[in-house]
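Take a moment to turn the model around before you read on. We will walk through it step by step, from sheets to helices to single side chains.

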Amino acid sequence: MLYQLHEMQRSFLTPLMQWADASSKLFSNPVSPFAHTPFSQRIAAGYELMYRLGKEYEKPAFGLKTTTINGEEVGIVERIVVDKPFCKLLHFKKDMGDAAFAALDQPSVLVVAPLSGHHATLLRDTVKALLVEHDVYITDWTDARMVPLSDGPFHLDDYVFYVQDFIRHLGPDVHVISVCQPTVPVLAAIALMASNKDPKLPRTMTMMGGPIDPRKSPTAVNDLAIEKPYSWFENTVIYSVPGNYPGFGRKVYPGFLQHAGFIAMNPGRHAQSHREFYQHLVRGDDDSAEAHRKFYDEYNAVLDMPAEYYLDTIKTVFQDYSLPKGTWKVGGQLVRPQDIESVALLTVEGELDDISGLGQTSAALTLCSGIPKEKKHDFVVEKAGHYGIFSGRRWREIVCPKITEFIRANG
């Protein structure tokens with residue numbers, strides 16, 4: 001019922017938000033006489049803040065049209081190469097001839113984006129930096145409310161099988177990068193392929209800021225998952241998609257609840273950010289105001305997660321610790337990271353990560369005991385938080401070059 005109430009509230013607020021948006025423009029557009037009245041900037045700022053606090057945020061576009069290679073601008077064409085009910089595999093293809101592209105000798109990289117509330121576009125900066133020296137693919141997970149019930153459920157096991165299908169599609173020379181939540185199913189996918197002697201094992205796997213072993217340096221996220229019983233999550237945060245979406249009747253963990261949780265983790269910081277946004281608008285600081293808009297256009301755009309997948313993740317990853325304990329079975333087969341021998345491994349962690357604590361990701365180095373020591377590496381990014389290891393200055397200047405070097409060394 002909560003989901004239906006949310007949709008009702010949204011339908012009531014939509015006209016009000018449109019009015020606030022129009023009023024903001026009325027008091028800020030230089031051709032409007034109201035823009036030249038006393039206090040017009042403050043009035044316009046107030047209306048825009050109201051609009052942005054109450055509007056519905058749609059999934060943003062990646063918007064990556066070009067990249068720069070050897071000092072020259074090269075066009076980027078975004079293509080769907082595999083289309084599954086719950087995920088699309090996107091390819092950021094360089095707009096150049098086959099011979100010219102082959103001459104670049106760029107390794108193929110599969111970026112596995114998290115299915116944990118935000119859209120894959122949260123990794124826009126990740127993809128943008130990788131594009132310079134790599135042929136980049138990314139998993140673009142579908143909002144579960146848009147998937148018809150006839151397409152069946154989606155479990156954590158299905159996530160593992162999707163990753164395997166994508167790896168096989170791209171062939172044995174691909175390099176896999178998993179960011180945050182998918183480090184667990186990606187490690188499982190590659191471990192099962194190794195156990196089954198799959199000829200299309202990837203060359204390398206880079207694990208970034210993920211809960212391989214959440215028992216190490218537990219964070220507030222980990223604490224929440226263990227202080228509440230499984231039944232609490234099942235009965236408290238799972239709702240049915242209402243009738244105005246294609247996924248009518250599907251059980252999901254709604255995006256609006258996830259967003260409320262994100263905000264609740266740092267309410268003071270978000271409140272301060274909105275206050276500063278208002279002040280930027282009043283002062284006419286357009287660059288700072290635009291930076292705020294871009295960040296929250298991404299941060300506030302959320303998707304519904306399939307209930308089966310979310311509940312499986314809570315139990316398997318955060319409550320039972322099935323991967324580090326060696327008890328996890330996918331499709332009836334035991335996940336054995338120790339069977340991986342030929343795939344080089346790099347773990348990347350942020351020193352100040354408050355989502356996946358220090359040591360949770362590097363636990364993969366111990367679990368993958370079959371990989372030779374010289375092919376296993378750990379990299380801790382000093383003074384970096386969770387988002388800093390895959391976006392922003394530290395990502396571009398420190399982490400991305402490190403990953404590029406690792407991929408080239410093991411290509």
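**A guided walk through the model**

With a relative accessible area of 32%, D165 is partly exposed; here buried means under 20% relative accessible area, exposed means over 50%, and partly exposed lies in between, using a 1.4 Å probe and protein chains only. This is a predicted model, in which local features need pLDDT of at least 70, side-chain atom pairs count only at pLDDT 80 or more, and totals for chains, interfaces and linings use all residues. Residues are numbered from 1 along each chain as its sequence is written, and side-chain values use heavy atoms, with hydrogens and water left out.

Let us stay with D165 for a moment. Its side chain meets that of R168 in a salt bridge, at 3.8 Å from N to O. The term salt bridge stands for a side-chain nitrogen of Lys or Arg within 4 Å of a carboxyl oxygen of Asp or Glu. Side chains of opposite charge can pair when their charged atoms come close. R168 is also partly exposed, with a relative accessible area of 31%. Both residues belong to helix 5 (residues 156-170), where they sit three residues apart, about one turn of the helix. Helices (H or I, at least four residues) and strands (E, at least two) are DSSP runs, numbered from the N terminus.

Because E397 and R393 are four residues apart in helix 15, about one helical turn separates them. E397 counts as exposed at 54% relative accessibility, while R393 is partly exposed at 46%. Some salt bridges share partners, and in this way K84, D165, R168 and D198 are joined into one network.

How many salt bridges does the count come to? By this rule, there are 19. One of them brings together the side chains of R124 and E298, at 2.7 Å from N to O. This pair links distant parts of the chain: R124 is in helix 4 (residues 124-130) and E298 in helix 11 (residues 286-299), 174 residues apart. R124 is partly exposed at 24% relative accessibility, whereas E298 is buried at 9%.

Now look for the sheets. Strands of a sheet pair through backbone hydrogen bonds, either parallel or antiparallel. Two strands count as paired if DSSP finds at least two bridges between them. Opposite L89 you will find T139 in strand 5.

H386 is placed in the loop between strand 14 (376-381) and helix 15, and at 6% relative accessibility H386 counts as buried.

A second open sheet has three strands in the order 8-9-10, with antiparallel pairing. Strand 8 (239-240) and strand 10 (305-306) stand at the edges with a single partner strand each, so one side of each has no neighbour in the sheet. Strand 8 pairs with strand 9 (residues 251-253) over two bridges, and Y239 has V252 in strand 9 as its bridge partner.

Finally, find helix 7 (residues 220-227) and helix 12 (residues 307-319), whose axes come within 10 Å and cross at roughly 110°. That makes the two helices roughly perpendicular, a label for angles of 65 to 115 degrees. N222, A225 and I226 in helix 7 meet I314, F318 and Q319 in helix 12.

Definitions and conventions. Axes fitted to C-alpha atoms, helices over the stretch in contact; angles between N-to-C directions. Parallel < 35°, antiparallel > 145°, perpendicular 65-115°, else oblique. Contact = heavy atoms within 4.5 Å.
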